[in-house]
Amino acid sequence: MIFWIIWFVLGVSIVILFACFFLPRIMMRTHAATLPIRDRAIGCAKDSHGAALYFEPTETVRRYISWYRIGRDAKGAYFQGEWARKIACAEYELVVYGAGNELIDVLRVKEKFNGGRLTRVTRLPKKADLITLRLVCIDDTPFPVERKKFNMQYFGWLATLCVSLAVTVDLLVWLVSTFIFRCMDGFTFTYSPPVWMWAVLLGSAAFAAIAVTCIYSLVRFLLMRRKGDRDV
């Protein structure tokens, strides 16, 4: 009995660790696959921290942040922009890419009552090479998302997400069901479910996970235009 309790706890812990570590990364890449890279480099100059590369964001963003820079100092890479107007609070998203447009991270930044000419310094991952700046909310006014059209990269990451969720759900179902069956027969192995039962149980769980993920993701992607999103 002790063996099965340890087996169950250890198995569930491994599945949860996988879900917490890998699934958010896959979700992040699925989200980033819909976002265009449109910010334009406008030059390189030195600031108080050292050399920095300056960028001009999209027309919509320039109404609030006229430019931003990606620089490096003793602490590593950082982001900082210049406000085009005074605002009380802002929330924006930094989609960080490395060399070869490899997605590294998606950072959500919130600022309140900054009062200065520049945004706060936001630290970037070490391998940051460029970013895409997207406004999320300015003074409690949400901003529409500029998205790519449906593309194979998004489809690929969505498929990866569906498979990963299905595997995670199936592993949890298998662990919990096996432990319950062992408890039912007093850990004597006298009860063994038929293959068809396992097939129905695991198949249904995987199908449900994939269906829910696909429906939610595709509806959110295709129908967001009702909220003002634009395809680019």
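Visitor: What should I know before I start?

Guide: The model is predicted, so local features need pLDDT of at least 70 and side-chain atom pairs count only at pLDDT 80 or more, while totals for chains, interfaces and linings use all residues. Residues are numbered from 1 along each chain as its sequence is written, and side-chain values use heavy atoms, with hydrogens and water left out.

Visitor: How many helices and strands does the chain have?

Guide: Helices (H or I, at least four residues) and strands (E, at least two) are DSSP runs, numbered from the N terminus. Here you get four helices and 11 strands.

Visitor: How do I read a helix's length, say for H3?

Guide: The expected span is 1.5 Å times one less than the number of residues. H3 runs over residues 152-184, 33 residues in total, so it should span 48 Å; the end C-alpha atoms sit 47 Å apart, which agrees. After H3 comes glycine 186, with a positive phi near 65 degrees.

Visitor: And pairing: which strands does E8 pair with?

Guide: Two strands pair if DSSP finds at least two bridges between them. E8 pairs with E5 (residues 89-97) in the antiparallel sense over eight bridges, and tyrosine 97 has leucine 130 of E8 as its bridge partner. E8 also pairs with E9 (residues 141-142), again antiparallel, over two bridges. There, isoleucine 138 stands opposite threonine 141. The E8-E9 hairpin has two residues between the strands, and aspartate 139 takes a positive phi near 50 degrees.

Visitor: Is E8 buried or exposed?

Guide: Buried means under 20% relative accessible area, exposed over 50%, and partly exposed in between (1.4 Å probe, protein chains only). Nine of the nine residues of E8 (residues 130-138) are buried, so the strand is largely enclosed by the rest of the structure. Across the chain's 232 residues, 41% are buried.

Visitor: What is phenylalanine 79 in contact with?

Guide: Contact means heavy atoms within 4.5 Å. Leaving aside neighbours within four places in sequence, phenylalanine 79 has contacts including Tyr68, Tyr92, Leu94, Ile131 and Leu133.
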